[in-house]
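Please read them with the structure open.

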Amino acid sequence: IEFSKVYLENKCSSDGFSIQGLHPRIVTEGFEAAKEKALEMLEQVKVSKEMDRETLINVARTSLRTKVHRELADILTEVFTHLKKMLSILILFSILYLAIDFLSS
């Protein structure tokens, strides 16, 4: 948002407008342009990392700790990481079952 505000203020001041009294379309275009620029910048600085079990646990724990009590977050982290693994296996078996069923018919 701060990036959008600065971009919009610079765009308006360079065009001779003040930020107050702008048509909402100009404000919307400013936010859209700022969003596109922010996405470009994020694409340039992103880091790819393999999602191994330790990374998954760290991401889940960090996210959960912002939403629930720390002790509950630690318990739920283990539950959710096991659940993710079980769902992945279940999906794989479901796909295999459907493939076998399709091939045998």
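1. Overall pattern. Along the sequence, the protein chain reads α-α-α-α. That is four helices and zero strands. Keep in mind that this is a predicted model.

2. Burial and surface. The protein chain has 105 residues, and 13% of them are buried. The accessible area of the chain is about 8900 Å². Carbon and sulfur atoms account for 64% of that area.

3. Contact range. Take the contacts between residues at least 6 apart in sequence. Of these, 40% join residues at least 24 apart.

4. Nonpolar patch. Which residues form a nonpolar patch on the surface? They are L72, I75, V79, F80, L83, L87, L90, I91 and I95. I95 counts as exposed because its relative accessible area is 51%, and the cut-off for exposed is over 50%.

5. T55 belongs to helix 3, residues 53-65. Is T55 buried or exposed? Its relative accessibility is 14%, so T55 counts as buried; the limit is under 20%. The T55 side chain makes a polar contact of 2.5 Å with the side chain of D52. Setting aside neighbours within four places in sequence, T55 also touches K49 and E50.

6. Salt bridges, count. Side chains of opposite charge can pair when their charged atoms come close. How many salt bridges are there? The count is seven. The next points take up several of them.

7. E43 and K46. These two residues form a salt bridge, with the closest N and O atoms 3.0 Å apart. K46 has a relative accessible area of 52%, so K46 is classed as exposed.

8. E78 and R53. Their side chains meet in a salt bridge at 3.6 Å, N to O. This pair links distant parts of the chain: E78 is in helix 4 and R53 in helix 3, 25 residues apart. E78 has a relative accessible area of 31%, so E78 is partly exposed. R53 is also partly exposed, because its relative accessibility is 42%.

9. D74 and R61. A salt bridge joins these side chains too, at 3.4 Å from N to O. Again the pair links distant parts of the chain, with D74 in helix 4 and R61 in helix 3, 13 residues apart. Why does D74 count as partly exposed? Its relative accessibility is 27%, and partly exposed lies between the buried limit of under 20% and the exposed limit of over 50%. R61 falls in that class as well, because its relative accessibility is 22%.

10. E32, K35 and E36 belong to one network, joined by salt bridges that share partners.

11. What to look at. Start with helix 3 and helix 4. E78 and R53 link these helices, and so do D74 and R61. Finish at T55, where the D52 side chain is joined by the 2.5 Å polar contact.

Definitions and conventions: Residues are numbered from 1 along each chain as its sequence is written. This is a predicted model: local features need pLDDT of at least 70, side-chain atom pairs count only at pLDDT 80 or more; totals for chains, interfaces and linings use all residues. Side-chain values use heavy atoms; hydrogens and water are left out. Patches are made of residues with over 30% relative accessible area and no salt bridge: like charges are joined within 9 Å, nonpolar side chains (Val, Leu, Ile, Met, Phe, Trp, Tyr) within 5 Å. Accessible areas come from the Shrake-Rupley method with a 1.4 Å probe; for residues, only the protein chains shown count as cover. A salt bridge is a side-chain nitrogen of Lys or Arg within 4 Å of a carboxyl oxygen of Asp or Glu. Buried means under 20% relative accessible area, exposed over 50%, partly exposed in between (1.4 Å probe, protein chains only). Helices (H or I, at least four residues) and strands (E, at least two) are DSSP runs, numbered from the N terminus. A polar contact is a pair of N or O atoms within 3.5 Å; within protein, one must be able to donate a hydrogen and the other to accept it, and residues adjacent in sequence count only if both atoms are side-chain atoms. Contact means heavy atoms within 4.5 Å.
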